[in-house]
Amino acid sequence: MAQYKTQVGIVGAGPAGLMLSHLLRLKGIHSIVLEAKSRLYCEERVRAGVLEYTSVKMLQDAGVGERLNREGLRHEGIELGLNGVRHRIPFVDLTGKCVTVYGQQEVVKDLIARRLADGGDLRFECGEISVEAFTTNRPRIFVRREGSTDEIHCDYIAGCDGFHGICRNACPEGALTIYERTYPFAWLGILAEAAPSREELVYMLHQRGFALYSMRSPRVTRLYLQCAPDESIEQWSDDRIWHELQTRLHCSDGWRPAEGRILQKSVTGMRSFVVEPLQFGRLFLAGDAAHIVPPTGAKGMNLAFADVHYLAEALGVRFGGGGTGYLERYSETCLSRIWKVQRFSWWMTTLLHRFENEAAFDHKRQIAELEYVMSSRAAATSLAENYVGLPLD
Ligand code: RFL
Ligand code: PHB
């Protein structure tokens, strides 16, 4: 058995784990990142695309914003639509802030490159991982691969291993409380080789269901359709996808999305999920390991960054000799912001999707709410300040 020692053992090389490892390095704290998948897999997984101004600032302040500054697309607003009529929500006008469209896999590539350039210890294709003894002063991570086992002694463990990871479930039954909601629909998402034909994202509520027009770069668009939660992707030919997108997104002023070769398609379920607390002994959960939001508010990756910001700060104080007070308040500090972001993501989701067998009253109320957001500066400002990102205290 090979033995290693680190201050913080990090499980998972997604945005949360990689950013935490980098922020710790800036504070002179050693970490080892243990990832089940290959580097290529992590770098090519297409997921989120919208960065709050707080996340952009965090990446810039941490010295990993160079390519983001060059290639990220600055978005000063979004458009909301109802049955083909669009209305712009001008973020900069309402809040003085904006968001940046930059693919999650690009953030992951930048962080991996930087950690490796700094001599960081990132271990991919780790095989089977278990976290143990985190209620003692000597937590350990075991990595079992091809008949051999590595034992990593840590001062603390960060569970950044996503929703399906092992860290959350390593806590004893009853230690954590789960708050959860699943939605009766999913998103069918595509990546298309087509230059964006609008400058900003379009969130459309149509009789046939929600549709979202987004993008990744000057040559690639990203589009989503509300579909059934158990939708089989095989039922969706490229022609059928484009036809449905054109139907839902077609606008009264003649705008419609430009089509192109479909590079990738997938179906994603929708859920809201929070675990409390985010800490058990010396194990700290961050990112999707601790919470999931439906993607309508574009918050998942941003929440992951907020968690690791607080965790890095608290570990910095602890290793700087300032005691464990901040670490003890980590969960409470994160949860206060997490629940506000959960509320916003739930609200955007219920505002913009069709609910099957919905009472006629609820549908009328939904339309009234959307029309209110599209006509009231106060309501639009509330949307805007949540979308660009609540401040990190
Ligand atoms: P990740 O990215 O899931 O990374 C976890 C990592 O842990 C590894 N892992 C393990 N490693 C070792 N041992 C184990 N036993 C392990 N089990 C798992 C995994 O392989 C993986 O590498 O979690 P993290 O870092 O918390 O980051 C969270 C974000 O990935 C997620 O919240 C976002 O992608 C959500 N999301 C969006 N977020 C935004 O902020 N803006 C958006 O526009 C946005 N759009 C989206 C989204 C997610 C989507 N899908 C596909 C779920 C759009 C979609 C369609
Ligand atoms: C995306 O571009 O993938 C995207 C944009 C906005 C969302 C969700 C996903 O709300």
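Helices (H or I, at least four residues) and strands (E, at least two) are DSSP runs, numbered from the N terminus. The model is predicted, so local features need pLDDT of at least 70 and side-chain atom pairs count only at pLDDT 80 or more, while totals for chains, interfaces and linings use all residues. Residues are numbered from 1 along each chain as its sequence is written, chains are lettered from A and ligands numbered from 1 in the order in which they are written, and side-chain values use heavy atoms, with hydrogens and water left out.

**Ligand 2**

A residue is near a molecule or strand if one of its heavy atoms lies within 4 Å of it. Ligand 2 has 13 residues around it, of which Tyr203, Ser214, Arg216, Tyr224 and Pro295 come nearest. Both β14 (209-217) and β15 (220-227) supply at least two residues of this shell. By class, the shell around ligand 2 holds eight nonpolar, two polar and three charged residues. In this count, Ala, Val, Leu, Ile, Met, Phe, Trp, Tyr, Cys and Pro are nonpolar, Asp, Glu, Lys and Arg are charged, and the others, Gly among them, are polar.

Polar contacts with both ligands are listed in the table. A polar contact is a pair of N or O atoms within 3.5 Å; within protein, one must be able to donate a hydrogen and the other to accept it, and residues adjacent in sequence count only if both atoms are side-chain atoms.

| Residue and atom | Ligand atom | Distance |
|---|---|---|
| Tyr203, polar side-chain atom | ligand 2, oxygen | 2.7 Å |
| Pro295, backbone N or O | ligand 2, oxygen | 2.9 Å |
| Ala298, backbone N or O | ligand 2, oxygen | 3.5 Å |
| Pro15, polar backbone atom | ligand 1, oxygen | 3.2 Å |
| Gln104, polar side-chain atom | ligand 1, oxygen | 2.7 Å |
| Gly300, backbone N or O | ligand 1, nitrogen | 3.1 Å |

Taken alone, ligand 1 exposes 1,000 Å², and the protein buries 88% of that. For ligand 2, the area exposed when taken alone is 280 Å², of which the protein buries 97%. Accessible areas come from the Shrake-Rupley method with a 1.4 Å probe; for residues, only the protein chains shown count as cover.

**Ligand 1**

Ligand 1 is surrounded by 33 residues, and the closest are Glu35, Arg45, Gln104, Asp288 and Met301. Two helices, α1 (15-26) and α9 (300-319), each supply at least two residues of the shell. Helix α9 gives the most, with four residues. The shell around ligand 1 divides into 16 nonpolar, ten polar and seven charged residues.

**Salt bridges**

A salt bridge is a side-chain nitrogen of Lys or Arg within 4 Å of a carboxyl oxygen of Asp or Glu. By this rule the model has 28 salt bridges. In one of them, the side chains of Glu79 and Arg86 meet with N and O 3.1 Å apart. Glu79 and Arg86 are both buried; buried means under 20% relative accessible area, exposed over 50%, and partly exposed in between (1.4 Å probe, protein chains only).

Arg377 and Asp93 form another salt bridge, at 3.5 Å from N to O. This pair links distant parts of the chain, with Arg377 in helix α13 (residues 377-388) and Asp93 in helix α5 (residues 91-95), 284 residues apart. Arg377 is exposed, at a relative accessible area of 51%.

Asp238 and Lys265 also form a salt bridge, their closest N and O atoms being 2.9 Å apart. Asp238 lies in helix α8 (residues 238-249) and Lys265 in strand β16 (residues 261-276), so the pair ties together parts that are 27 residues apart in sequence. Asp238 is partly exposed, at 33% relative accessible area, and Lys265 is partly exposed at 32%. Elsewhere, a network of salt bridges links Glu66, Arg67, Arg70, Glu71, Glu106, Lys109 and Asp110.

Three strands form an open sheet in the order β3-β7-β4, with antiparallel pairing. β3 (50-51) and β4 (73-75) stand at the edges, each with a single partner strand, so one side of each is left without a neighbour in the sheet. Two strands pair if DSSP finds at least two bridges between them. β4 and strand β7 (residues 99-101) pair over three bridges in the antiparallel sense, and Val101 in β7 is the bridge partner of Leu73.

In helix α3 (residues 53-61), the buried residues include Thr54, Ser55, Val56, Met58 and Leu59. Gly63, which follows α3, has a positive phi near 75°.
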